[in-house]
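Biologist: I would like to learn how to read a model of this kind, feature by feature. Could we take one topic at a time, with the general idea before the case?

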Amino acid sequence: MLGVITGFIDELRAAGVPVSMVEAIDGMRAVEAIEIGDRVALRETLRATLIKNQRHERAFDTAFDVYFSTVPLPDSTPVEEGTRPDLPSADGSDRAPFDIDALLDDLLQALAGLDEEAMRRGVRTAVDELAGMEPGRPVGGTYYLYRTLRRLDLADLEARLIDALTQDEELSEFDRRLLREEVEARLEQLRQEIEEEIRRRLVADRGRDAVARTLRRPLIEDIDLMHATTKDLQEMEAAIGPLTRKLAARLARRRRKRAGRLDFRRTMRKSLATGGVPVEPQFRHPRPHRPEVWLLCDISGSMATFSRFTLQFTHAMATHFSKLRSFAFVDTIDEVTDFFGAGVDFGSALLRVTTEAEVVWLDGHSDYGNSLETFNARYGRQLTPRTTVIVTGDARNNYRAPRDKVLGEIAASARALVWLNPEPRAYWDTGDSAMSHYATHCTSVHEVRTLRQLEQFIEELTLPGTRAAQNA
Amino acid sequence: MNLESPQAVAAALRSVDYLPDDRISQVVFLANRLDKPILVEGPAGVGKTELAKALSRVTGKDLIRLQCYEGLDEAKALYEWNYKKQLLRIQADVDHDWEEIEQDIFSEDFLLTRPLLEAIRSENPVVLLIDEVDRVEVETEALLLEILSDFQVSIPELGTMEARTQPMVVLTSNNTRELSEALKRRCLFLHIDYPDAQREQEILAARVPGLSEHLAAQVARVARSIRSLDLKKAPSVSETIDWARTLLALSIDDVDEDILGDTLHVLLKYQTDIEKAAKELTSSPQA
């Protein structure tokens, strides 16, 4: 058991989850306190001791399934190697008369009656007959899952399940919707069962470590923002909130003075409690600094996924900064601040940015030079020494003139100018990237390819207090 | 009360109308067995604070609550010297030797205990709830570390005050910022999410007496449906309970579109959210 748990912890670490020594020891001690045969208890015990961040739970679940899946399966003898001469050949050409309709009927009944045991039985048969698993193939099981699901035809199953549950009643549109969601939840459970079953067999076939390696996926904070899927982005959303709050705090921070001036009135008043002896002098609170942030986002095609992320970030920031202005550009620039007003949800804001903002001037290919020039001409005079300008973009200019002098002017009238580039540093200045032209004018330039790097950028952010210091 | 197995924990919590899932009862069991604090995280209104209250009811221990907020400091969380009393003592006794007085005024008699110190100095074991710990600054978090790992407080003038009894500690966080590694390392981590429809239905049945099974199922399904929308603030469990109570008070036994449209404001607190949900769920959008 000890060996399996250390292997499991190694796997978590390999997947990027930070598990400290102390936590590993805690985990072991906790496992001693529980009944080892109880899989749920084991899972929750390890989860509570090893995982300290909700974002890591997905990695935990995957690894746990792999490492602790060798629970004996009733009537699952066909899993053993060598005893399956009847495996379908590579292309899955069907042989024995397998009655898929009977299986579907069984599953339907199990789902309608919420009979988990029957469902599991059905899942085992389905994987036996439909997945066409081949021993020894180094795959993660997605293909087997796809194959099984295709044959099961979930859409059809959904329709039949809805019919079975309605029982010829006439339903209103509203009830129908609720029912459909209930059915979808049950089918999702079925899907997960199948996935787990396939994973169990893969582990039996190839061993834990090998399967874990194939299944390992980057943590949400390590996913490349340029290639993130919509689902990834949704998961990131939860992490963005705390980050923007942190950024707001960073930008507002000043050199800490002890306190403000002595507040004579409050000191006297407080001293009444101590018989007129001013034991505790009271000070005025220094006025908090209101950060002013302008965000310039490249939303051209090459930046599609990243710009969605930056706009998500903008949206989250809008709730923390009262003085946030956002601009979007492709080959010209337009202000989009109003699209992200209070109470607007992200979907509709995104829609308005893509449909209403006038960001295309000529051909819809990135033109940083023109965008920056337009920006400076239109809004440059409203920049103040308190404004922090953040530009997000890959600086890929389609070989047009960079006109980076304009950026210098912008930087000169702002408190600071920060550039966030979603490309790996090694690619900067290759091809049509004009990064180094622009970098010379920036207060700082950062590679922000992942959520982790964004976090790091915020962590390390120190900005000049005033413009005077910067220009000196 | 018997907390000797996860099942016993679950049964005990159920008896005070808190319905735990496997995860919750397992973590509570472990915390009790290993004497570790629990850090509970999750969206607002899923029963994080309620868990601590339920624990105090189950074990019959007093609940001491420290509500965190920005600007919370030692003087309000741990202890403070009662300087008024100290001053009086000095003024009342001018003849005495200063050394003696100094010895005297820095003794326990002049100490004002705040929740954290109170929890560990208590004669009877207590449940200590440190609520919304993510609201304090990172620097203040450090105050908690000594208590959480060693159950003791060091006071420079007095030395180390050790716990008379081991308190059961529950910390809650809404995850508005990342807590420090040091804090997390000392705790068992428990993420509570919105319950699935079935468990929510059970919660409703336990919390709203007189609710029919049919209505409870419907309320739970509507809540799930609304949570799947992209809203500013999804309805919490406490809000669905309120909604079920509202329906009961209006003696409604079947929810349809119109009733939902009329009572949505119980579930949702932002006008934009109400409009959105109304548009999605009912065919006749509300104004």
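Predicted model: local features only at pLDDT ≥ 70, side-chain atom pairs only at ≥ 80, totals over all residues.

Biologist: Which loop holds Glu132(B), and what is its phi?

Modeller: Glu132(B) sits between strand S5 (126-131) and helix H8 (138-150) of chain B, and its phi is positive, near 50°, in a residue other than glycine. With 18 other C-beta atoms within 10 Å, Glu132(B) is partly exposed, whereas Ser251(B) is exposed.

Biologist: How should I read a pair of packed helices, and at what angle do helix H5 and helix H6 of chain A pack?

Modeller: Two packed helices are described by the angle between their axes and by the distance between those axes. In chain A, helix H5 (residues 100-112) and helix H6 (residues 116-130) pack at an angle of about 150°, and their axes are 8 Å apart. Angles over 145 degrees count as roughly antiparallel, and therefore H5(A) is roughly antiparallel to H6(A). The crossing of H5(A) and H6(A) is left-handed.

Biologist: Which residues make that contact between H5(A) and H6(A)?

Modeller: From H5(A) come Leu103(A), Asp106(A), Leu107(A), Gln109(A), Ala110(A) and Leu111(A), while H6(A) supplies Ala118(A), Met119(A), Gly122(A), Thr125(A) and Ala126(A). By class, the residues of this contact are seven nonpolar, three polar and one charged.

Biologist: Turning to domains, into which domains is chain A divided, and how many residues join domain 1 to domain 2?

Modeller: Chain A, which has 472 residues, 34% of them buried, is divided into domain 1 (2-67), domain 2 (77-216) and domain 3 (230-253 + 289-471). Nine residues of domain 1 of chain A are in contact with nine residues of domain 2 of chain A. On the domain 1 side, the elements that give two or more residues are helix H1 (2-14) and helix H4 (57-67) of chain A, and H4(A) gives the most, with five residues. That side of domain 1 of chain A divides into five nonpolar, two polar and two charged residues.

Biologist: How far apart are the C-alpha centres of domain 1 and domain 3 of chain B?

Modeller: These centres lie 30 Å apart. Eight residues of domain 1 of chain B are in contact with ten residues of domain 3 of chain B, and the domain 1 side of this contact has four nonpolar, two polar and two charged residues.

Biologist: Finally, how many residues does each chain bring to the contact between chain A and chain B?

Modeller: The size of an interface is often given as the accessible area lost when the parts come together, but here we can count residues instead. The contact takes 36 residues from chain A and 36 residues from chain B. On the side of chain A, two or more residues come from each of helix H2 (21-32), helix H3 (39-50), helix H9 (173-206) and helix H11 (230-252), with H9(A) giving the most, seven residues. By class, the side of chain A that touches chain B has 14 nonpolar, ten polar and twelve charged residues.

Key:
Residues numbered from 1 in each chain as written. Chains lettered and ligands numbered in written order. Buried ≥ 20, exposed ≤ 12 C-beta atoms within 10 Å, placed from the backbone. Helix = DSSP H or I, 4+ residues; strand = E, 2+ residues; numbered from the N terminus. Domains from an automatic or database assignment. Contact = placed C-beta atoms within 7 Å. Nonpolar A, V, L, I, M, F, W, Y, C, P; charged D, E, K, R; others polar. Axes fitted to C-alpha atoms, helices over the stretch in contact; angles between N-to-C directions. Parallel < 35°, antiparallel > 145°, perpendicular 65-115°, else oblique. Left-handed = near helix turned anticlockwise from the far one by under 90°.
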